[in-house]
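These notebook entries record what I looked up in one structure. The sequence and the model come first, and my entries follow.

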Amino acid sequence: MSDPPDFSASNLESLRQHGIVVFEDRVIFDAQPPMEPETLASVASKCAGPIPEQLLELWSLTAGGSINYDVSIELDGGVHGFSWAELFYNGATTYFDLAGWINRELENLEEQCHETNTPFPGVLKWLPIGGFEYLDRVYVCVEPGQDYGSVAFWMKGIPPLWTHRLHRDGMVIAAPTLRDAFSLLHLRVQPSAELNEYHAGQELYAYIDNRVTEHGMAQGLADHVKEYFSKAVLEWRWLLDAGLIRQSPPNLAAAFDDAIRNDDPEVVDRLADLGEPFGSPLSGTAVAVDVALIRGAENVLRALLRVRAWVPHDALAGVSSPLPVDIVKSLISRGARPTFEAAAQLVAVGAPESGRAVARACPGFRTSRKAGDMAQATRLLASKLRADLDQVHAGTLFHHLGADGLTLRIERLDAFAADPQL
């Protein structure tokens, strides 16, 4: 493996002293020293075959550390953001612990063999090398055969309460080699302190800035690393200009993410001109209309409706910010199913007239029982939010709305239930 052409040998040595190494054009920080021979031998003894050459190259550079890129995988009918934030290494006291993960995999394998009455081989076919805490995991195949050296991503399913997310554990072979797996790491957005929400790269930038201010790293070298790191930013604009963006799902997702973040409908119009139907998952199982509703991008949502993007029947379940009545009615006319729960949610976020419009569109609304269902839905939602608020005050729950946000929504729901004017 040759040195990255962007860095001199002295640069690379300086970076290593600051816990930064480069592997396959990707930056690893808080990097550990190379894996020691006795550790490598111990790991190899737990594998069904020889350790693949590319993994040996990585470990000859660093035994583990942190990475901070975007990556996504197609799994169980959705496109899911995968967190590959850690490279495991021996001696870690956190989820980074390589030996701990290997022992855990062996214990699970032994239990499976016992349950199926099959011999326990005592070695692994898939070696865990990284991931994110207990949720996401990266494996390299160490069993000779057609999958040898390939890289698989495993994700843990989370409760159905989290809509559009993966709800059952899943695993997929993501790349034929470790080198190819590293090439999947990219950046959707140029990291910047000015961004109002988290984006990949911000942790690396903070690490580099700390090395400059607290550990004497040269500012010029720090800037050079940031510039090199930024080469992983997806350049989707030229693909859009060339009419080729639909052939690259990661760039298509990055383009739409930019449109959502800036609530800019121009990208929607241009994609529609290229024949994009906006019916494929972009974030989990959420399609374009879902994402616009969840993120509160009103201009993008209007553009999607204008170009007749697909509207899922449960689209209104994703409302998280006020929506004008005309958009609500358009969504319903395009197939979104009106429910009293969605109507109550609109009341909670500060759009009571839109909530009324949804309630009136519910089947059988004109009957007195159905009219009462709207009041009941608002009371149920207010009760749930009160329970959340109690936990926030008790310090047992972190809620993205905070105590003030929850209180405001409860007050809106209570006021509406007292005088719904349906």
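**Entry 1: a pocket**

I began with the second largest pocket, which has 28 lining residues; Glu74, Val79, Pro249, Pro250 and Pro281 lie nearest its centre. On a 1 Å grid over the protein atoms alone, a pocket is an open set of points where a 1.4 Å probe fits, with protein on both sides within 12 Å along at least five of seven lines, and lining residues have an atom within 4 Å of a point. The elements that give two or more residues to this lining are strand 4 (72-75), strand 5, strand 10 (170-175) and helix 9 (249-262). Helix 9 gives the most, with five residues. I took helices (H or I, at least four residues) and strands (E, at least two) as DSSP runs, numbered from the N terminus. I noted a volume of about 540 Å³ for the second largest pocket; a volume here is the space filled by probe spheres set on the points, which are joined across faces, edges and corners.

**Entry 2: basis of the values**

The model is predicted, and I kept its limits in mind: local features need pLDDT of at least 70, side-chain atom pairs count only at pLDDT 80 or more, and totals for chains, interfaces and linings use all residues. Residues are numbered from 1 along each chain as its sequence is written, and side-chain values use heavy atoms, with hydrogens and water left out.

**Entry 3: the chain as a whole**

I recorded 17 helices and ten strands in the protein chain. The C-alpha trace spans about 75 × 55 × 45 Å along its principal axes. Of the 422 residues, 46% are buried, where buried means under 20% relative accessible area, exposed over 50%, and partly exposed in between (1.4 Å probe, protein chains only). Among contacts with a separation of 6 or more, 61% are between residues 24 or more positions apart; contact means heavy atoms within 4.5 Å.

**Entry 4: aromatic pairs**

How many aromatic pairs does a search of the whole structure find? I noted twelve. Rings of Phe, Tyr and Trp (its six-membered ring) pair if their centres lie within 6.5 Å; planes under 30 degrees apart count as stacked, over 60 as edge-to-face and the rest as tilted. Phe23 and Phe182 make an edge-to-face pair, at 4.9 Å centre to centre with 80° between the planes. This pair links distant parts of the chain, since Phe23 is in strand 1 (residues 20-23) and Phe182 in helix 5 (residues 178-183), 159 residues apart. Phe23 counts as buried because its relative accessibility is 1%; Phe182 counts as buried at 0%.

I then looked at Trp84 and Phe182: their ring centres are 5.1 Å apart and their planes at 65°, so this pair is edge-to-face. Trp84 lies in the loop between strand 5 (78-81) and strand 6 (86-87) and Phe182 in helix 5, so the pair ties together parts 98 residues apart in sequence. Ring pairs join Phe23, Phe82, Trp84, Phe153 and Phe182 into a cluster.

**Entry 5: the nonpolar cores**

Which residues touch the most other members of the largest nonpolar core? Among its 66 residues, they are Trp59, Trp84 and Leu178. A nonpolar core is a set of buried Ala, Val, Leu, Ile, Met, Phe, Trp, Tyr and Cys residues joined through side-chain atoms within 4.5 Å. Neighbours within four places in sequence aside, Leu178 is in contact with residues including Phe23, Leu58, Trp84 and Val151. I also found a second, separate core of 61 residues, which includes Val311, Leu323, Phe340 and Leu389.

In helix 12 (residues 298-306), the buried residues are Val300, Leu301, Ala303, Leu304 and Leu305. Their cover includes helix 9, helix 10 (266-273), helix 11 (288-295) and helix 13 (325-333). Arg308 follows helix 12 and has a positive phi, near 60°.

My last stop was Thr378, found in helix 16 (residues 368-394). Thr378 is buried, with a relative accessible area of 0%. Neighbours within four places in sequence aside, Thr378 is in contact with Ala344, Leu413, Phe416 and Ala417. Thr378 and Asp414 are 36 residues apart in sequence and 7.6 Å apart in space, C-alpha to C-alpha.
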